[in-house]
Amino acid sequence: MRADGTFIAVEVEDAAARDADLARRLTEACPVDIFAQSDTGALELVERNLDECVLCRLCLDAADGWGPGPAVKIIKLYDNDAVLA
C-alpha cells in the first residue's frame, strides 16, 4: 500500500498492513496520525495527514524487525524520492 502527499509518500508492505499488532504499534507511535487501524485491525494510511510528517522515524522504529525487509518506507518526494533511513 502506498499513499502520496505533496512532500512525502508512505509505503507499507501489503503483508505488514494486514498485521494487526504492527498496525497498532504504528498508530500509537506516529505523533501526527498518519497511521490508523481499521475495525478489522488492518493498517490504514490517513492521506490528509501525510504532509504533517516531521521525519521523526518513530514509525520506522515501531516497524523494525517486522520482516526480512523494511515494512514501512518514508519517501521524500521533494528530495528525488530519497528514502528516509
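## The sheet

Two strands are said to pair here if DSSP finds at least two bridges between them. This is a predicted model, and in it 4 strands form an open sheet, in the order S1-S2-S5-S6, with antiparallel pairing. The edges are held by strand S1 (2-4) and strand S6 (82-83); each has a single partner strand, so one side of each is left without a neighbour in the sheet.

You can follow one of the pairings in detail. Strand S2 covers residues 8-12, and S1 pairs with S2 in the antiparallel sense over 3 bridges.

## The largest pocket

Next, turn to the largest pocket, which holds about 190 Å³ of space. It is lined by 15 residues, and those closest to its centre are Leu 60, Asp 64, Pro 70, Ala 71 and Val 72.

Which elements supply at least two residues each to this lining? They are helix H3 (58-63) and strand S5 (72-76). H3 gives the most, with 3 residues. By residue class, the lining of the largest pocket divides into 9 nonpolar, 4 charged and 2 polar residues.

## Two positive phi angles

Leu 55 is not a glycine, yet it has a positive phi of about 55°. You will find Leu 55 in the loop between strand S4 (43-45) and H3. Is Leu 55 buried or partly exposed? With a relative accessible area of 28%, Leu 55 is partly exposed.

Asp 81 is the other residue to look at: it has a positive phi of about 60° and is not a glycine. Asp 81 sits in the loop between S5 and S6.

## A buried loop residue

Ile 34 belongs to the loop between helix H2 (20-29) and strand S3 (35-37). Is Ile 34 buried or exposed? Its relative accessible area is 2%, so Ile 34 is buried, the cut-off for that class being under 20%.

What does Ile 34 contact, leaving aside its neighbours within four places in sequence? The list is Ile 8, Val 10, Glu 44, Leu 45, Val 46, Asn 49, Leu 50 and Cys 53. For a sense of spacing, Ile 34 and Ala 63 are 29 residues apart in sequence, and their C-alpha atoms are 14 Å apart in space.

## The cysteines

How many disulfides does the model contain? The count comes to 0, where a disulfide would need a pair of cysteine sulfur atoms within 2.5 Å. Cys 30 is in no disulfide, and the nearest cysteine sulfur to it, that of Cys 56, is 6.3 Å away. Cys 56 is in no disulfide either; for this residue the nearest cysteine sulfur is that of Cys 59, 6.3 Å away.

The surroundings of these two residues can be read from their accessibility. Cys 30 has a relative accessibility of 11% and counts as buried, whereas Cys 56 is partly exposed, with a relative accessible area of 36%.

How values were computed. Residues numbered from 1 in each chain as written. Predicted model: local features only at pLDDT ≥ 70, side-chain atom pairs only at ≥ 80, totals over all residues. Heavy atoms only, no water. 1 Å grid on protein atoms, 1.4 Å probe; cavity = no way out; pocket = protein on both sides within 12 Å on 5 of 7 lines; lining within 4 Å. Points joined across faces, edges and corners; volume = space filled by probe spheres on them. Nonpolar A, V, L, I, M, F, W, Y, C, P; charged D, E, K, R; others polar. Buried < 20%, exposed > 50% of the residue type's maximum accessible area, 1.4 Å probe, protein only. Contact = heavy atoms within 4.5 Å.
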